[in-house]
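Here is a short briefing to read with the model open beside you. Please take a look at the chain before going through the points.

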Amino acid sequence: MISEILKTVEYLKDGGIIIYPSDTIWAIGCDATNSKAINKIFKIKKRDSSSPLICLMNDYQMLNKYVNLTKKNKHFLELQKKPTTTVSYTHLTLPTNREV
């Protein structure tokens, strides 16, 4: 199992696309910091490049690295004990130049 995980990590680092189970559906995923991989997602889904995509974060610290959080959002998220969904309309370092 560990070797499969390591292979998948390398595949993602190289711009690969994966399919994985989420809580309700099968999802298409990639490295959200790789613009070529993001473009592949838009092409696969035949989705307009102005449409947003979901980006999964491991924890609050990871979210804080990529998203401009308000003080109110930070306080709320710091109190959470379970996985929490949040919506952000701005980000700090994720690619935005999609060429679909």
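Predicted model: local features only at pLDDT ≥ 70, side-chain atom pairs only at ≥ 80, totals over all residues.

Residues are numbered from 1 along each chain as its sequence is written, and side-chain values use heavy atoms, with hydrogens and water left out.

**Overall fold**

- The chain has four helices and two strands, where helices (H or I, at least four residues) and strands (E, at least two) are DSSP runs numbered from the N terminus.
- Going along the sequence, these elements follow the pattern α-β-β-α-α-α.
- Along the principal axes, the C-alpha atoms fill a box of roughly 35 × 35 × 25 Å.
- Of the chain's 100 residues, 20% count as buried; buried means under 20% relative accessible area, exposed over 50%, and partly exposed in between, with a 1.4 Å probe and protein chains only.

**The largest pocket**

- Rolling a probe the size of a water molecule over the atoms shows where empty space is left.
- The largest pocket holds about 2100 Å³ of space, and among its 50 lining residues, L53, I54, C55, L56 and M57 are the closest to its centre.
- On a 1 Å grid over the protein atoms alone, a pocket is an open set of points where a 1.4 Å probe fits, with protein on both sides within 12 Å along at least five of seven lines, and lining residues have an atom within 4 Å of a point.
- Grid points are joined across faces, edges and corners, and the volume is the space filled by probe spheres set on the points.
- At least two lining residues come from each of β1 (18-21), β2 (26-29), α2 (35-45) and α3 (60-66).
- Sorted by class, the lining of this pocket has 28 nonpolar, 15 polar and seven charged residues; Ala, Val, Leu, Ile, Met, Phe, Trp, Tyr, Cys and Pro count as nonpolar, Asp, Glu, Lys and Arg as charged, and the others, Gly among them, as polar.

- A nonpolar surface patch is formed by M1, I2, I5, L6 and V9, which together have about 540 Å² of accessible area.
- Patches are made of residues with over 30% relative accessible area and no salt bridge, with nonpolar side chains (Val, Leu, Ile, Met, Phe, Trp, Tyr) joined within 5 Å; the areas come from the Shrake-Rupley method with a 1.4 Å probe.
- V9 sits in helix α1 (residues 2-13) and counts as partly exposed because its relative accessibility is 36%.
- How many salt bridges are there by the rule used here? The count is one, taking a salt bridge as a side-chain nitrogen of Lys or Arg within 4 Å of a carboxyl oxygen of Asp or Glu.
- K13 and E10 form a salt bridge, with their closest N and O atoms 3.7 Å apart.
- K13 and E10 are three residues apart in helix α1, so about one helical turn separates them.
- K13 is exposed at 55% relative accessibility, while E10 is partly exposed at 43%.
- T8 also belongs to helix α1, and with 31% relative accessibility T8 is partly exposed.

- L77 is in helix α4 (residues 71-78) and is buried, since its relative accessible area is 12%.
- From L77 to M1 there are 76 residues in sequence and 32 Å in space, C-alpha to C-alpha.
- K46, in the loop between α2 and α3, has a positive phi near 50° although K46 is not a glycine.
- Most residues other than glycine have a negative phi.
- K46 is also exposed, with a relative accessible area of 77%.
- T84 lies in the segment after α4 and is partly exposed at 32% relative accessible area.
- T84 and C55 are 29 residues apart along the chain, and their C-alpha atoms are separated by 13 Å.

Definitions and conventions. Patch = residues over 30% accessible without salt bridge, like charges linked within 9 Å, V, L, I, M, F, W, Y side chains within 5 Å.
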